[in-house]
Structure formats: C-alpha cells, structure tokens
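I opened my notebook to look up a few local features. My notes follow below.

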Amino acid sequence: MTDAGPLFDALASAPGAVAVMGSANADLTVRVAELPKPGETIAGGPLQVLPGGKSANQAATVARLGVRATFVGAVGADPNGGMLRDSLVAAGVDVSHLSESEAATGTAMILVDDDAENCIVISPGANGTVDGGFVAKHADAIRGADVLGLCLEVCDDAVVEAARIASEAGVTVVFNLSPVRDVRAELLDLVDVLIVNEHELAALVGSAAAAEGAETGDWSDAATALAAKHGIRTAVVTLGGAGSVVVETGDREDPGDAATAAVTATRIDPLRVDVVDTTGCGDSYMGSLMAGLASGLPVCDAARLAAVVSAYAAGGEGAQASYGTADQVRAFAETGRRG
C-alpha cells in the first residue's frame, strides 16, 4: 500500500494538542439500494443509531491517533447525549468542555446507498445553543491547543469567536467550509488552513476557477482568488476518490501581492480501498490533518496522513464507529487490510 510509518512516528514523538469546537450529533443511519428521488418512498434496512457530528467526529479521530483532543460543544440531557459523551470518552477525548443543554441532542438523518454514497439532513438541537457567549466561557480550552478545528454545524457567532480567540493566542485555525454557506469576511481573515471540496471552493472563488483546477490540475486561478479575495494562502481541496491537493500561495507573514505570488499545488494520491460507507470520511480527513499539524508535520505531510486515515474510515460503517487507532491505521497502510 504505502509507507506511512514516518508520519505515525511523528505523531508518537510530538503529539501536540487539538481543540475542536462545534457539533455533536446522533447519526440515525439507514442503508438503501438507491437514494430516493424527490417525492419517492423507498424501503431501507435496519435503523442504526451511531455517534456523529462533524466536530465530534474530528475530535474522535484526533484522539484515536494518540494526539490530545478537547471537544467544545453541547449535547442534550437524553440517551443520545449520553451515547455521544461515552463515545468521545472511549476515543480518549477530553469532554470537560462538553456541556449539557435543555435542548435535545443534535440529530443527523443519513441514507447510505449501495455505492456508499450518502445524503444527510441535520436537526441541530443542542448544537443550536452553542453561540459566541458559550464559546467565550470555554476560551481556555482553545488557548491551550496548538490547532483549533472549526466547521459550520454551529452558528457563525460561535465560529468567529472561537477563531478570534485562537488567532489572538497564536493557535493555528483550520476551517472546513461545511455545510457550505456564506460566511463573514472576518472569519476567513482568521483562517490559517482552509479545507474545502470542489463545490465549497467554487462557492468561495467562483465555479470557473474551481472547475479549471479540477479538470486540468492548474490551481493557480483558484489559489490566487483565495489569497486575493479572502487572505487564505494555504488550502486543502479534497477530491473524493481522486485524492486531494494542497494549494499554497506565497507567505502569510509576508503576503506581498497575491496576484503575483507563487502558487504551489501538491497532489496527494488516494489509497485504494473497498468502500463500505463514506459517512464521516471527510471528518476523519480533517481530524487527522489537524493531528499532523499539531505534531509538527508540514501541511503536505499532514494531508498524506489524512489520506491514509480517511481511507481506513471508508472501509467501515458509520462515522466514529469506523475510525481506527494509530496502530490499526498504520497496519492498514502497510497491508491494505483493516484490523
């Protein structure tokens, strides 16, 4: 398969610390032959209730890889909330900043088809109580990390406040523009590493630039637009089964003219795996990328680590339920078999 040993050695020797602020959901998953069309009713398999939520998944990935992970968020005082808390604890996540809300635990309703594609509807529940004031109360958890992970399953005020606290403390801010929506310029100004897929990239810089990069491998237009419009000089673009690409433009400390800055695009090849379920694979990618960055890996090496970890996750069912330990994923990288 691939020699990922040095990447895992880096995690073991200098594991660092990651804080993840955001969502925790109970994933209600049903497998179907094909995803339904609008207005269509179909039969599905047994209902599975599994721990999920983008941010909780990322924190679980970090901890399973042996890197210190702290989760900042909220669940309800209900059985699903207890399940989520127990799952994070079992993964090794610090849950001292996981609050209990009067609202029901967030829920994601997931359909997975025979091609391992999925569609997801989210009811935020307790995640809706995570706002700027909530985040301010947990600022110490953010300041104590090397890397902060953010996505958009909680409100913009919470995400901006967390990014501001991290940036002022010198903590690297890793942001995933998902679920995709318009975000404030002040948030993007605080981002050190952006993670997007092709559709999310298009929403930021325009579909033409994103399409050009995806089709021809020339990422210069997209990279220049990210730097010039949003001040983002390091981005990781995930391409599904085609792997990912790390795009770097100039130097954030000495930005110069974004329109003329040098662009470096490094392609990260995927690992081939028999895909069972892609639910949570993007979260395992982001979690392992953050674990690598916190451990001192350059962003390209962190992305190579993420390719291995997310491939392992694609071979199992569910989100957190499919994640492996560092030893399991390392063995998978060498043999192609899940432990």
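**Notebook: salt bridges and other local features**

I started with R330, which is partly exposed because its relative accessible area is 26%. I kept in mind that the model is predicted.

I then looked for a partner. The side chain of R330 meets that of D9 in a salt bridge, at 2.9 Å from N to O. D9 sits in helix α1 (residues 5-13) and R330 in helix α13 (residues 326-335), so this pair ties together parts that are 321 residues apart in sequence. I checked D9 too: it is partly exposed, with a relative accessible area of 39%.

Next I asked how many salt bridges there are by this rule. The count comes to 9.

I picked another one. R181 forms a salt bridge with D156, and their closest N and O atoms are 2.6 Å apart. R181 is in the loop between β9 and α7, while D156 is in helix α6 (residues 156-168), so I noted a pair that links distant parts of the chain, 25 residues apart. R181 counts as partly exposed, at 32% relative accessibility.

I moved on to D157. Its salt bridge partner is R184, with the closest N and O atoms 2.2 Å apart. D157 lies in helix α6 and R184 in the loop between β9 and α7, so the pair ties together parts that are 27 residues apart in sequence. Salt bridges that share partners join D157, R184 and E186 into one network.

I stayed with the loop between β9 (172-176) and α7 (185-188), where P179 lies. The peptide bond from S178 to P179 is cis, with omega near -10°.

Then I turned to A116. Is A116 buried or exposed? It is buried, because its relative accessible area is 2% and the cut-off for buried is under 20%. A116 lies in the loop between β6 (106-112) and β7 (118-123). Its phi is near 70°, a positive value in a residue other than glycine.

I looked at surface charge next. E34, E40, D114, D115 and E117 form a negative surface patch. Of these I looked up E40, found in the loop between β2 (25-31) and β3 (48-52). E40 is partly exposed, with a relative accessible area of 39%.

My last entry is M83, in helix α3 (residues 79-91). M83 counts as partly exposed at 22% relative accessibility. Leaving out residues up to four places away in sequence, M83 touches A26, V49, L50 and P51.

Note on methods. Residues numbered from 1 in each chain as written. Predicted model: local features only at pLDDT ≥ 70, side-chain atom pairs only at ≥ 80, totals over all residues. Heavy atoms only, no water. Patch = residues over 30% accessible without salt bridge, like charges linked within 9 Å, V, L, I, M, F, W, Y side chains within 5 Å. Areas by Shrake-Rupley, 256 points an atom, 1.4 Å probe, with all protein chains shown as cover. Salt bridge = Lys/Arg side-chain N within 4 Å of Asp/Glu carboxyl O. Lys, Arg positive; Asp, Glu negative; His and termini not counted. Charge placed at Lys NZ, Arg CZ, Asp CG, Glu CD. Helix = DSSP H or I, 4+ residues; strand = E, 2+ residues; numbered from the N terminus. Buried < 20%, exposed > 50% of the residue type's maximum accessible area, 1.4 Å probe, protein only. Contact = heavy atoms within 4.5 Å.
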